[in-house]
Amino acid sequence: MTPVDIWRAPGGPTAETLEALELEFPMLARLPGMNRRTLLRVMGASLAMAGLTGCKPERSKDAVPYVTQPEGITASEAQYYATAVPFDGWAQPALATAHVGRPTRLDGNPEHPASRGKSDAFLQAAVLDLYDPDRSQAVLTDGAPASWAAFDTALAGWRTAWARSGGAGVRLVLGPTTSPTLIAQLARLRAAYPKLGVVHLPAVGDGLREAASVAAFGKPLQGHVALDRARTVVAIDDDLLGPGPRQVAQMLAWATRRGDAADRQHLYVAEPTPTLTGAAADTRRAVAAGRLPLLVEAIAAHVGIGAVPPGLDTAEAAWAVRMTAALRRDAGAALLAVGPYLPPATQALGFAVNDRLGNSGRTLWWSEPIAARGDDLDALAADLAAGRVDVAVALGCNPVYDAPALPWARARLRLHAGSHVDETARASRWHLPLHHALEAWSDGRAVDGTATLTQPLVDPLYDTRSLHGVVAALTGDTRSDRAIVRASWPMPDAAWRRAVHDGFTGGAAVPVAVVAKLPAAPPAPAAGIEAVFRPDPTIWDGARANNAWLQELPKPLLKTVWDNVVGVSAVLAAKLGLANGDMVRVAAGGRHVDGPAWVLPGQAAATVTLFLGHGRTAAGQVGNGVGYDAGPFRGSAWTLADVAVTKLDAVHAVATMQMQQAIDGPGIIRVVKDARGKAGENAPQDSLYPALAADAKPNSPPEPRWGMVIDLDKCTGCGACTVACQSENNIPVVGRDQVARGRVMHWLRVDRYHSGPVAAPRSFFQPVPCMHCEQAPCETGCPVHATVHGPDGVNEMVYNRCIGTRTCSSYCPYKVRRFNWLDYTGGAPASVEAQRNPDVTVRARGVMEKCTYCIQRIRTATVAAARDDRAIGADEVVTACQSACPSGAIKFGDLNDPRNVAAVARKDPRNYAMLEHLGVRPRTTYLARIVPDEEA
Amino acid sequence: MAQHFSPTADTWLRAGVAAVALAVVVGFAVLFAWVRGQDHNDVARTPPQPVAFSHKHHVAQLGIDCRYCHTSVETAADAGLPGTHICMSCHSQVWTNSTLLAPVRASLAHDRSLVWQRVARVPDYVYFRHDIHVAKGVPCSECHGRIDRMQLTYRKVAFEMQWCLDCHRNPATRLRPAAAVTDPDWTPATPGPNPLPAGGRKAMVAAYHLKPERDLTHCAVCHR
C-alpha cells in the first residue's frame with residue numbers, strides 16, 4: 001500500500017482556501033454587508049414567511065383513466081424502448097425510460113454491441129434537450145411567426161424553379177451524419193436536382209482524420225481501434241478514453257484489458273495538453289504538439305521506416321527508444337495511436353508503423369467510410385463569397401457558429417432547420433423547427449458500424465418536423481417519417497419489428513485490408529508558444545451549450561463549470577504572472593481571442609489550450625454568453641504555431657469545484673504496483689466511535705447488505721456517473737453563482753487529485769458518493785431523526801422530517817451531503833418538470849439531500865422479489881451511476897451475496913476504505929489505483 | 001403621587017395571562033382536532049363523480065371481482081382505474097340507453113377520458129404499491145373498507161402514518177390467504193375455499209416471509 005502525497009490545485013491551497021476549508025459552510029461566509037440588526041430582521045422575516053410555505057393549494061384529485069387502456073402501459077410503471085440519439089452524426093444506442101409516455105431517462109442499450117448498456121454524459125444529458133424550454137416551437141420568417149403551410153407554399157414555388165435550373169445555386173449544409181435513410185434521401189435529392197450541392201460540416205472530434213486517411217491510402221477510410229486486443233498502447237496525443245462519440249465503446253474495450261490482472265494493458269501517452277487518456281496512462285509525457293511529429297518519426301525510424309529526425313533532445317530520444325521496445329515486444333498486439341489533430345502526414349506515418357509491426361487488422365483496422373460524404377466545404381465558402389449561391393439551406397446544423405469561415409449571409413435566400421433559433425436561424429430568412437431525436441423516426445450507425453434505429457417515444461411536443469420530413473419535402477415526398485425510414489430497410493415486417501425492438505439490425509462494419517503508403521515528411525516544428533484547440537470536454541462542439549446538466553458537469557481535469565478557459569502551463573503562468581482567472585489574449589495572424597487563463601498541471605510548457613463550443617450568442621437562456629468563442633480564431637487549424645499570449649488587465653471569476661468539498665486525511669488515494677498489491681487496513685487508530693466486534697455484521701446472511709466498490713484503476717473521471725445520477729435522482733442545477741458559493745447539488749462528485757510536480761503530475765480520479773457508513777456520524781447529529789439507518793445498511797434520508805439544521809453535513813467526514821439553500825426546483829419550467837423521475841421525491845428548499853444508493857431501485861427490486869417470493873438476483877439492483885459507467889469501475893450490490901460484483905471486489909487485495917482511521921466503517925470502498933513502476 | 005395601578009390590577013393581569021394561555025391551548029387543541037379529524041382527511045365524503053357509480057351494485061349484487069376493473073392491482077403500484085372500454089365491455093350490452101351512463105358512452109364516442117375524483121390517495125411523498133400488499137395477503141377491505149356496501153364510494157380511513165405502521169408492525173391480525181384478498185365476505189370463520197393454514201394468521205406471517213420489525217418499518221419502505 002502506498003498512500004500518495006496528493007494535491008488538488010497547483011501551488012497547494014492558498015491562505016484563503018485554507019480558511020474557507022476550516023469553515024464548515026464556506027458558502028455562508030460570504031454574506032455581503034450583513035450586520036447583526038440586518039441579520040435579525042431577515043431572520044424574523046424568514047420565520048414569518050416560513051409559516052406561509054404550508055399554504056399551498058390542494059393537489060388536484062382528478063383521476064383520468066384512458067378511454068382504451070393501451071396494452072402494456074400501467075400509469076405507475078416505467079416502460080423501456082430501444083432507440084438512439086445522434087452525437088457527431090453517430091447513433092448512440094440508447095434504452096429510454098418512459099413514464100406514461102414521458103421520456104425521463106436515457107441509458108445505453110444493453111443488447112447493442114457497441115455500448116452494451118453503457119453510456120456517456122452526453123447520452124445521459126440528451127433527455128434534457130427534449131424538454132429544453134428554449135426549443136424552437138414554430139416556423140419563423142424573418143424572425144416572425146409563420147406556419148408550415150406558408151413554408152410548403154413557398155417551397156412549391158422554389159421546387160418549380162429548381163426543377164427548371166436543376167438546382168443550380170442551391171446548397172444544402174448538414175452536420176455529420178451516418179443515417180442510411182438520410183444518405184439515401186440526399187442521393188435522391190441530387191438525382192432530382194443534379195446541380196444542387198450538399199456539404200457536410202466536419203465532426204469536430206475527427207480533426208484531420210480524413211486527410212490522414214487520404215494521405216495514407218489515397219482514399220477516405222474509417223479507422224477503428226480495438227483496445228481490447230492491445231497489450232501495449234502508445235497514444236501520441238490521441239485521447240482514446242476521452243469525450244466523444246467513441247468514448248463508450250473504447251472505454252468498454254480498454255476496461256477489459258485494464259481489469260485483466262494477468263495480462264494488463266500497458267498504456268503510454270505523450271501529449272501537449274492533459275487528457276483522460278493521459279491521466280489513466282502508466283506513464284505520461286507532456287510534449288508540445290509541434291514536437292510530436294518528431295517522436296512519431298523517431299519511433300518509425302526505430303521500426304525501420306525512415307531516419308531518426310534531428311532535433312530530438314536526449315529525453316525524447318530515449319523515450320522513443322523505450323516506446324519502440326514496448327511496441328516491438330507486443331508486435332501484433334500493440335497499437336501506436338496518433339491523434340486526429342496532428343498533421344495528416346504524421347498520422348499516416350503512425351498507420352505505417354502499425355503496418356510494419358503487424359498491428360494493422362488487429363488493434364487498428366479500417367472500413368469503408370461510414371459517415372456521409374458531401375462536397376467540399378472550402379468550395380462552398382468560395383461559392384458563397386463569390387455570390388454564386390442563391391439558396392443556402394442549413395439542415396439540423398449551425399454553420400454560422402460551427403463554420404465561421406462560411407460567409408453565410410452572402411447567400412440570397414437562407415433557410416435553417418434546427419431545434420433552436422440559433423445563430424444560423426437568426427441569419428436566415430426561414431427557420432423551421434425540428435424534432436428532438438426522441439420524437440422522431442430515424443436511423444444511423446453506431447461507431448462500430450452497426451445499423452441502429454431511432455424510434456419516437458413521444459408525440460412531438462411542438463409543431464415541429466423531422467429532418468427526414470424536411471428533406472423529403474424538398475423532393476415533394478409526402479410519406480410519413482416512419483414510411484421513409486422503413487423503406488430504407490427492406491426486410492419482412494416481423495424482422496423489422498424485431499429490429500425496432502432491439503434498436504439495431506445487422507452486424508458491424510466490415511474491415512478492408514489496406515497498406516499505408518509512406519507519406520511526405522511533415523513540417524518541421526516551430527519555436528515559440530503554440531495554441532491547440534480541443535472540443536470542450538462537456539459541451540463538445542457547442543450544439544449542447546443549452547444543456548444545463550452539461551454546463552454544470554465539472555470538466556474532468558479542470559473542475560471548472562459554466563465556462564471555458566485558456567489552459568496554460570505553470571511555467572507560462574509564472575512567466576506572464578498569470579493566476580487562474582486572469583484574462584489573457586491569444587493572438588496569431590492578425591486574429592485574437594480573449595479568455596480566462598487556467599493553469600493545467602501537466603500542460604506542455606509552451607502550449608496553450610483553447611476549448612471550443614462556448615461563446616454562443618443564440619444557444620438559449622442557459623448557453624448564451626457562457627465563455628469565449630475560439631471558433632473564428634481557429635479557422636480550420638487545429639494547432640497554431642507561434643502565437644502571442646499577453647496578460648490583459650481583467651479578471652474573470654471562473655466557477656470551479658477544484659477546492660470544494662475538499663477532505664483531508666491519510667491515504668485518501670492509494671496506489672499499488674500491481675494487481676496483487678495490498679491497499680487496505682491502516683494501522684488501527686483511535687476512533688470517536690465504539691468499536692464493532694471484528695466479526696460484527698449489522699445483519700447476517702441471507703439479508704442484503706448493500707455496498708459499493710469503486711475501482712480507481714478503471715475510473716477515467718469521465719463524469720457519466722454524475723449526470724446519470726442527476727437524471728435519475730431529480731438533482732437540480734444551481735447555476736454559476738451558486739456553484740461558486742459551493743452549493744453544487746451533485747450527489748456524486750468526482751474528486752480529482754494530482755501528485756508529483758506540476759509540470760508532470762500523475763492524476764487520479766475518485767468518485768465520491770455517500771459512503772453509507774455503518775456507524776454514520778450524520779445520524780448521531782440529526783436532532784429530528786431525518787437521517788436514519790435502514791436494516792440493509794442504507795443511510796436513509798427522510799426529507800419530510802428534515803428541518804434543515806445541516807448538522808448532519810457538518811458531521812460528515814466525506815462531505816457528501818448537499819443542502820437546498822434556495823428553491824432550486826420550484827421555479828423550473830413546466831417542460832423541465834416533465835423529465836423528472838416520479839420514483840424520486842423532488843426536494844424543496846431547506847432540505848438536506850445526498851446519495852441514497854438509488855433507494856428507489858433497491859426498493860423496486862426488493863418488492864418485486866418479495867412479490868414473486870424469490871431472492872433478489874445477485875446483480876439485480878444496479879445504481880444509476882453503475883449502469884452508466886463505461887469502464888465498469890462502479891460496482892454495487894449485496895455484500896452478503898458472494899456472486900455479487902461488489903462482494904467479489906471487496907475481496908480484492910486492493911480494496912480500501914477512505915478515511916478508514918475514523919472508524920465509521922463506510923459501505924462504499926475503493927480499489928487502489930495500479931501504477932506500475934516505470935520510467936516516464 | 002397617585003397610584004398608577006388600581007388594587008384590582010393584579011387580579012386582572014393574572015386573569016388576562018390565564019385567558020391568553022387558555023386561548024393558546026384551546027387554539028392548538030382545536031387546530032389539532034381539525035387536522036386529525038375525519039373532516040380534514042376526506043373520510044366518509046363522497047365527492048361528486050361524473051357517473052354515480054355504485055360499488056355496492058357491481059360488487060355485492062353482481063359479484064364482479066375487484067380485478068376485473070382494477071387490472072394492475074397485482075402487478076403494479078397503481079391498482080389501475082378502469083378505462084372507458086372496460087365499462088363498455090358490459091354496458092355495450094346492458095343498460096345501453098341508461099341516462100346514468102350517458103357520460104360513459106360520450107367518453108367512448110368522443111375518445112375523451114372520464115374525469116373521476118380520487119377517493120383514496122396517499123401524499124406524494126408516500127411510495128405505496130398495491131402489488132406487494134395484494135401478494136402478501138392484505139385484503140382490499142383493510143384499507144378501502146367494505147366497498148361492497150358503498151352505494152357511492154367514500155374513504156374509509158384517514159391513511160395516516162400511524163395507521164400504516166400499526167399494520168406494518170403487526171400484520172398478523174389482518175392477513176389472509178392471497179387468493180382471498182378481494183373477497184369482501186371472507187372471515188377466518190367463514191373462509192369459503194380459502195381457509196387459513198394450520199397455525200392461523202400467525203402462520204401467515206411466516207408463510208409470506210414477513211419480518212415486520214426488520215423489513216417493514218424503516219423509513220425507506222415508503223419514503224425515498
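Buried area is the accessible area, taken with a 1.4 Å probe, that two parts lose on being put together, summed over both. In this predicted model, chain A and chain B bury about 3,600 Å² between them, and 51% of that area lies on carbon and sulfur atoms.

**The interface of chain A and chain B**

- On the side of chain A, 38 residues are in contact with 42 residues of chain B.
- Between the two chains, 22 residue pairs are in polar contact, counting pairs in which both residues have pLDDT 80 or more.
- Two elements of chain A, strand 3 (62-63) and helix 26 (855-867), each supply at least two residues of the side that touches chain B.
- Helix 26 of chain A gives the largest share of that side, namely six residues.
- Sorted by class, the side of chain A that touches chain B is made up of 16 nonpolar, 10 polar and 12 charged residues.

**Strand pairing across the chains**

- Strand 3 of chain A pairs with strand 1 of chain B (residues 116-117) in the antiparallel sense, over two bridges.
- Within this pairing, Asp62(A) has Gln117(B), in strand 1 of chain B, as its bridge partner.

**The form of chain B**

- Chain B contains 10 helices and one strand, and its elements, read from the N terminus, follow the order α-α-α-α-α-β-α-α-α-α-α.
- Because the radius of gyration of chain B is 25 Å, well over the 17 Å that the globule rule gives for 224 residues, chain B is more spread out than a compact globule.
- Taken along the principal axes, the C-alpha atoms of chain B fill a box of roughly 100 × 50 × 35 Å.

**Salt bridges**

- Side chains of opposite charge can pair when their charged atoms come close.
- Over all chains, the structure holds 56 salt bridges, and the rule finds three salt bridges across the interface of chain A and chain B.
- Lys136(B) forms a salt bridge with Asp869(A), in which the closest N and O atoms are 3.9 Å apart, a separation to be read against the cut-off of 4 Å.
- Within chain A, the side chains of Arg429(A) and Asp142(A) meet in a salt bridge with an N to O distance of 2.8 Å.
- Arg429(A) lies in the loop between helix 14 (423-426) and strand 19 (430-433) of chain A, and Asp142(A) in the loop between strand 7 (140-141) and strand 8 (144-145), so this pair ties together parts that are 287 residues apart in sequence.

Notes
Residues numbered from 1 in each chain as written. Chains lettered and ligands numbered in written order. Predicted model: local features only at pLDDT ≥ 70, side-chain atom pairs only at ≥ 80, totals over all residues. Heavy atoms only, no water. Contact = heavy atoms within 4.5 Å. Polar contact = N/O pair within 3.5 Å; in protein donor to acceptor, adjacent residues only side chain to side chain. Helix = DSSP H or I, 4+ residues; strand = E, 2+ residues; numbered from the N terminus. Nonpolar A, V, L, I, M, F, W, Y, C, P; charged D, E, K, R; others polar. Pairing = 2+ DSSP bridges. Rg over C-alpha atoms; globule rule 2.2 N^0.38 Å.
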